[in-house]
Amino acid sequence: MSTDEWLHALAAELRRRGVEAGAVVAEAASHLRESGEPPLTVFGAPAAYADALVDSLRTPRPRSHGPVRLDVRGVTKSYGRRRVLTGVDLTVRAGEVAAIVGANGCGKSTLLRICAGLEAPDAGTVHRSGALGWCPQAGGTAEFLTPDEHFTLVGAGRGLARPAARDAGRRAAAGVDWDPAGAPQGRHLSGGTRQKLNLVLAGLGEPDLMLLDEPYQGFDHGSYLDFWAQVWDWRDAGRAVVVVTHLLAAADRVDTVLDLGGRA
Ligand SMILES: Nc1ncnc2c1ncn2[C@@H]1O[C@H](COP(=O)(O)OP(=O)(O)OP(=O)(O)O)[C@@H](O)[C@H]1O
């Protein structure tokens with residue numbers, strides 16, 4: 001069965017089960033592109049994978065009773081005449097993971113930037129508590145600094161001495177299958193490796209609230225799985241994590257799915 005045939009079959013199986021197929025199929029397609037492996041090896045038969053997805057969407061996890069780290073109320077945002085967000089609410093507590101999902105252009109990154117305080121909403125409020133870790137979708141690294149220099153610089157801002165920052169950065173990098181020791185300046189890193197650097201920087205100093213905008217772009221399949229393992233570890237350590245993602249396959253394990261729907 002070719003990848004296209006498998007994806008069509010998955011879409012049909014999901015629709016048959018009453019699940020909106022678009023985002024899930026796009027996610028599966030992106031995995032398959034990255035992994036280069038046959039769909040039957042990665043996901044198994046379309047019907048069985050659709051069953052597993054539907055089951056996972058029905059399994060609620062007990063909610064955390066930790067303190068609220070992010071509270072978004074009635075956030076509305078327009079660019080010119082174009083309304084991007086309308087009355088968005090989101091609450092994330094310590095020990096919880098929230099996923100922000102939706103079609104390309106529906107406002108996921110805009111919402112995350114507003115949550116990070118990088119942009120102001122037209123209406124509504126955002127309250128954060130605790131230290132913030134931020135991983136943008138792209139950019140965020142310096143062309144002329146090595147990874148170790150990034151760790152030192154960002155670590156200093158978070159109260160870490162130089163050796164502690166470097167060790168923490170290298171340890172976190174190993175968690176996504178990357179060894180940054182002796183790595184070249186940012187401008188010479190591949191796109192996926194730059195994203196690994198961004199992700200490691202977001203987690204430096206163990207911030208209470210992590211805002212991650214599709215942080216796994218360019219990761220190979222193994223690093224992508226490592227990323228989610230890292231997210232569950234952060235959650236279990238009591239951190240609040242918000243991930244912008246197309247990856248509804250992780251919906252069984254996140255505490256909140258905020259679906260911003262179709263294109264704004
Ligand atoms: N600074 C800006 N000025 C004008 N329009 C903007 C600005 N930032 C975003 N937009 C528009 O707002 C809409 C939402 O963009 P946003 O990047 O938040 O979507 P998204 O859901 O994150 O998309 P994707 O899944 O492709 O990353 C898009 O139409 C985008 O072109």
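1. Strand β7 is largely enclosed by the rest of the structure, because five of its five residues are buried. The model under discussion is a predicted one. Burial in β7 concerns both of its faces: Ala240, Val242 and Val244 are buried on one side, and Val241 and Val243 are buried on the other. In a regular strand the side chains alternate between the two faces of the sheet.

2. The sheet to which β7 belongs is open and is formed by five strands in the order β5-β6-β7-β3-β8, with parallel pairing. Strands β5 (132-135) and β8 (256-259) stand at the edges, and each has a single partner strand, so one side of each is left without a neighbour in the sheet. On average, and with direction ignored, neighbouring strands of this sheet are turned by 15° against each other.

3. The pairings of β7 can be described strand by strand. With β3 (residues 97-101), β7 (residues 240-244) pairs in the parallel sense over four bridges. Within β7, Val244 stands opposite Ile100. Helix α9 (residues 221-236) packs on the sheet and touches β3, β6 (209-213) and β7, and the direction of α9 makes about 150° with that of β7. Strands β6 and β7 run parallel and are joined by five bridges. Leu212 has Val243 in β7 as its bridge partner.

4. Which handedness does the unit made by β6, α9 and β7 have? These three elements make a β-α-β unit that is right-handed.

5. A further open sheet consists of three strands in the order β2-β1-β4, and its pairing is antiparallel. Its edge strands, β2 (82-93) and β4 (123-128), each pair on one side only. From one strand to the next, the twist averages 15°. Strands of a sheet pair through backbone hydrogen bonds, either parallel or antiparallel.

6. In the three-stranded sheet, β1 (residues 68-79) pairs with β2 in the antiparallel sense over eight bridges. Val75 stands opposite Val88, which lies in β2. Helix α5 lies across β1, β2 and β4, and runs at about 125° to β1.

7. Helix α5 also bears on the ligand site. Which element gives the most to the shell around the ligand? Helix α5 (residues 108-116) does, with three residues. The ligand has eleven residues around it, of which Tyr79, Asn104, Lys108, Ser109 and Thr110 come nearest. Sorted by class, the shell has four nonpolar residues, six polar residues and one charged residue.

8. Pro180 may be considered separately. Its place is in the loop between α7 (162-175) and α8 (191-203). Is Pro180 buried or exposed? Pro180 counts as buried, because it has 22 C-beta neighbours inside 10 Å, and the cut-off for a buried residue is 20 or more.

9. The surroundings of Pro180 can also be given by residue. When its neighbours within four places in sequence are left aside, Pro180 is in contact with Pro147, Asp148, Gly169, Arg170 and Ala173. Pro180 and Lys196 are 16 residues apart in sequence, and their C-alpha atoms are 9.8 Å apart in space.

Technical notes:
Residues are numbered from 1 along each chain as its sequence is written. This is a predicted model: local features need pLDDT of at least 70, side-chain atom pairs count only at pLDDT 80 or more; totals for chains, interfaces and linings use all residues. A residue is near a molecule or strand if its C-beta atom, placed from the backbone, lies within 6 Å of it. Helices (H or I, at least four residues) and strands (E, at least two) are DSSP runs, numbered from the N terminus. Ala, Val, Leu, Ile, Met, Phe, Trp, Tyr, Cys and Pro count as nonpolar, Asp, Glu, Lys and Arg as charged, and the others, Gly among them, as polar. Two strands pair if DSSP finds at least two bridges between them. Axes are lines fitted to C-alpha atoms, for helices over the stretch in contact, and angles run from 0 to 180 degrees between N-to-C directions. Two residues are in contact if their C-beta atoms, placed from the backbone, lie within 7 Å. A residue is buried if 20 or more other C-beta atoms lie within 10 Å of its own, exposed if 12 or fewer, and partly exposed in between; C-beta atoms are placed from the backbone. A crossover is right-handed if, with the strands pointing away from the viewer, the path from the first strand over the helix to the second runs clockwise.
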